[in-house]
Amino acid sequence: NGSLSDPTFDNFYARFRPTSIDPKVETIMRSALCDLIRTYISGQAIFIAHAIGSAYAIQASDAFPELVAAHISLEGDQSPFQSYIRASEGINDPIPYRPYGVSNIPLTFKTPVTNPDQIKKVSVGETTYTDGLLSNFSCILQEDPANRMVKLAKVPMLFLVGEASVHALYDHCQVAFLRQAGVNVTFTRLIDQGISGNGHFSMLEKNGDQIALLVARWIEQNLG
């Protein structure tokens, strides 16, 4: 039934490992991922990343866009410039985070950014409630005209969001930030494709094959 002490849930949860959001760790992860694709991939890689793993894929794509054909993001790492650490509880208390928009470490902008304070930001949209529950978060984006991410813009992206996931409330913000910066993002809510009921770990759920087929079709249509 997916609750604590359920054998299936316990087996799933036992696979979790501590993670770090320290910029030093992100720098190491980017370097390791870049070394991996340069050493072991013939041609271009296709990143399929989930949650915080999407941040590492973005950072590696920014470093070596010529080695990355595309990036599929399964509910990528939260909102630009902030994190909603208690959003799953229905609490709106964001903390400052990702000072480079979608990364804690520098990315490549057309006008070089040597200090995240150089990025001019603006609040867009409204945080709304339905029946007393959070139903949509506002976004922090760049002021227009936005500084383009010239390397990341070379890598097309498919961004998927589940119907029943807390990410359904704020992932549109990351997509808006990426598009504003020149990235070609296909934003797909699974429910709009007739794939319903998914939470944050959609690739592990019973209809995961349907999601895999959706991803495969996108790759075929966009990469030939």
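Let's start with strands S2 and S9, which run parallel and are joined by four bridges. Helices (H or I, at least four residues) and strands (E, at least two) are DSSP runs, numbered from the N terminus. Two strands pair if DSSP finds at least two bridges between them. One example: Ser73 has Phe159 in S9 as its bridge partner.

A quick word on the model. It is predicted, so local features need pLDDT of at least 70 and side-chain atom pairs count only at pLDDT 80 or more, while totals for chains, interfaces and linings use all residues. Residues are numbered from 1 along each chain as its sequence is written, and side-chain values use heavy atoms, leaving out hydrogens and water.

Now, which strands make up the open sheet? There are four, in the order S1-S2-S9-S10, with parallel pairing. S1 and S10 (185-189) are the edge strands, each pairing on one side only.

Lying across S1, S2 and S9 is helix H3, at about 150° to S1. Axes here are lines fitted to C-alpha atoms, for helices over the stretch in contact (heavy atoms within 4.5 Å), and angles run from 0 to 180 degrees between N-to-C directions.

Next, the loops. Ala51 sits between strand S1 (45-50) and helix H3 (53-63), and has a positive phi of about 55° although it is not a glycine. Is Ala51 buried or exposed? At 15% relative accessibility, Ala51 counts as buried: that means under 20% relative accessible area, with exposed over 50% and partly exposed in between (1.4 Å probe, protein chains only).

Finally, look at the peptide bond from Asp144 to Pro145: it is cis, with omega near -5°.
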